[in-house]
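Here are my notes on this model, written as numbered points. Have a look at the fold first, then read along.

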Amino acid sequence: MAYQSTNPYNGKVLQTFEPMDAAQLEAALDRASECFNTDWKGKSYAERAIVLARAATLMREQAQPLAELITLEMGKLIAQSLGEVALSANILDYYAQHAERFLAPETLATARGEALVESSPIGVLFGVEPWNYPYYQIARFAAPNLMAGNVVMVKHSSSVPQCALTFERLMQEAGAPAGAYTNLFISKEQVTQVIDDPRIRGVALTGSEAAGAVVAARAGQNLKKTTMELGGSDAFIVLEDADLDRAVKSAVSGRMGNSGQACTGSKRFIVVEALADRFLEKFQAAMLNFTPGDPLDKQTTLAPLSSVEALDNLLGQVQRAVAGGARVVMGGARIDHAGAFMEPTILTDISESNPAYKEEFFGPVALFFRVADEAAAVALANDSPFGLGGSVFTQDIERGKRVARKIDTGMVFINTPASSSPELPFGGVKNSGYGRELSGAGIQEFVNKKLIRVA
């Protein structure tokens with residue numbers, strides 16, 4: 001399997017890379033293991049922080065070319081690519097500044113003697129990362145774990161190889177020793193080999209349910225800790241007392257950010273009957289305002305999907321939904337334009353027997369549901385195999401919090417679509433996976449909580 005960089009706006013192949021051979025992979029594993037044992041785990045937090053802070057500075061200094069590379073490889077609007085670079089740099093800085101406090105020794109009260117819990121790194125970690133946020137996804141895996149004293153190896157998506165190499169270069173330029181951060185161009189068979197390797201002590205994946213099931217099972221056979229972030233079908237609940245204009249504006253940004261290719265994108269719009277017609281009318285009008293074009297052009301408002309394959313998969317989902325009884329309110333087809341462009345789409349009349357009812361739509365397709373009241377909205381929000389995030393819109397904040405507590409997800413946002421920030425934990429439940437990234441929680445996943453007991 002070649003790693004190929006293809007511009008989804010014009011289909012031009014930018015660059016191709018061959019996977020590592022067996023000898024190259026073995027050398028990389030050896031180098032990572034040696035770096036952990038003889039160098040990185042022995043460094044102080046302050047020494048590690050110098051490297052991550054320098055990497056953050058480099059990202060900010062090189063923001064424009066870094067962002068353009070994202071846009072060229074997976075099609076993101078350039079303004080959003082710049083935002084991703086800034087967020088990734090902030091994550092690096094966040095852990096450089098706070099890791100030592102997060103992992104500070106904890107004294108436990110005990111009847112006799114003393115008890116202390118210390119956090120120590122566990123070794124070489126392996127991350128499998130997706131294409132939709134080429135820098136952010138690896139920053140949120142690498143930053144906390146490097147600051148904890150682990151070293152990381154990353155198998156990035158085969159469609160963003162230049163971004164993958166660029167992040168590795170940034171870490172090297174920032175002063176990371178050889179083996180502290182390693183990019184792997186490897187095949188699916190080699191992924192299995194890496195998971196099986198005794199030098200690997202933990203595995204993290206962001207991707208599909210199917211990929212998560214395979215990777216988690218393999219790691220489990222090897223008794224290795226895993227974290228899984230496997231996407232979602234986030235509910236966007238609009239209650240009868242919501243600020244309608246604010247809800248509609250948030251609905252558009254929540255669904256159309258990254259061309260709808262976000263695991264925490266707003267996907268199921270659940271609106272109480274009292275506002276349903278007005279919401280749908282305003283939502284449709286707003287969704288008509290997107291113009292396709294070159295995502296490097298700041299005037300473009302609709303970017304292509306990441307690939308023709310992604311477009312074809314999404315069109316197939318829409319066709320199956322319609323065959324199952326769904327009604328197309330707007331869109332539903334490929335745009336007659338060069339590139340992998342999909343019309344902004346709204347589907348409604350989706351029954352429980354429709355395959356769309358349980359699926360994740362990874363693109364600019366919104367599923368619209370009308371419900372009688374708050375209780376019905378919560379029930380529908382929870383009737384999903386996924387449990388990543390969600391939003392609740394109401395002008396009664398305490399009511400919003402009560403509703404949020406009833407929703408079975410890892411995250412709920414009140415009066416705003418989902419967002420990500422270094423200090424906020426990120427992760428889900430049910431088929432959306434397990435474990436957390438970011439915040440103080442993210443650095444705790446792959447450390448040894450060692451008890452030291454004095455009698």
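1. Let's start in a sheet. Strand 13 (residues 345-348) and strand 14 (residues 365-371) run parallel and are joined by three bridges. Helices and strands here are DSSP runs numbered from the N terminus (helices are H or I with at least four residues, strands E with at least two), and two strands pair if DSSP finds at least two bridges between them.

2. Some ground rules. This is a predicted model, where local features need pLDDT of at least 70 and side-chain atom pairs count only at pLDDT 80 or more, while totals for chains, interfaces and linings use all residues. Residues are numbered from 1 along each chain as its sequence is written, and side-chain values use heavy atoms, with hydrogens and water left out.

3. Which strands stand at the edges of the open sheet of seven? Its order is 12-13-14-11-10-16-17, with mixed pairing. Strand 12 (327-330) and strand 17 (413-414) are the edges; each has a single partner strand, so one side of each has no neighbour in the sheet.

4. Two helices sit on these strands. Helix 9 lies across strand 10 (234-238), strand 11 (266-272), strand 14 and strand 16 (390-393), and runs at about 160° to strand 11. Helix 10 (residues 273-287) packs on the sheet too, touching strands 10, 11, 12, 13 and 14, and its direction makes about 140° with that of strand 11. Contact means heavy atoms within 4.5 Å; axes are lines fitted to C-alpha atoms (for helices, over the stretch in contact), and angles run from 0 to 180 degrees between N-to-C directions.

5. The order is 7-6-5-8-9-19 and the pairing is mixed. Strand 7 (181-183) and strand 19 (433-434) are the edge strands, each pairing on one side only. Strand 5 (residues 124-128) runs parallel to strand 8, with five bridges between them, and Leu 125 stands opposite Gly 202 in strand 8. Helix 7 lies across strand 5, strand 6 (151-155) and strand 8, at about 150° to strand 5.

6. On to helix pairs. Helix 4 and helix 5 pack at an angle of about 10°, with axes 9 Å apart. They are therefore roughly parallel to each other; the cut-offs are under 35 degrees for roughly parallel, over 145 for roughly antiparallel, 65 to 115 for roughly perpendicular, and oblique for the rest. Helix 4 brings residues including Leu 87, Ile 91 and Tyr 95, while helix 5 brings Ala 139, Arg 140 and Met 147, among others. The contact residues divide into 11 nonpolar, one polar and two charged. Ala, Val, Leu, Ile, Met, Phe, Trp, Tyr, Cys and Pro count as nonpolar, Asp, Glu, Lys and Arg as charged, and the others, Gly among them, as polar.

7. How do helix 3 (residues 63-74) and helix 6 (residues 161-173) pack? Their angle is about 155°, with the axes 9 Å apart, which means helix 3 is roughly antiparallel to helix 6. Among the residues in contact are Leu 66 and Glu 73 of helix 3 and Cys 163 and Arg 169 of helix 6. By class, the contact has six nonpolar, two polar and two charged residues.

8. Finally, the largest pocket. It holds about 1,500 Å³ of space. Of its 44 lining residues, Pro 130, Trp 131, Gly 207, Ser 208 and Ala 211 are the closest to its centre. The lining divides into 18 nonpolar, 15 polar and 11 charged residues. On a 1 Å grid over the protein atoms alone, a pocket is an open set of points where a 1.4 Å probe fits, with protein on both sides within 12 Å along at least five of seven lines, and lining residues have an atom within 4 Å of a point. Grid points are joined across faces, edges and corners, and a volume is the space filled by probe spheres set on the points.
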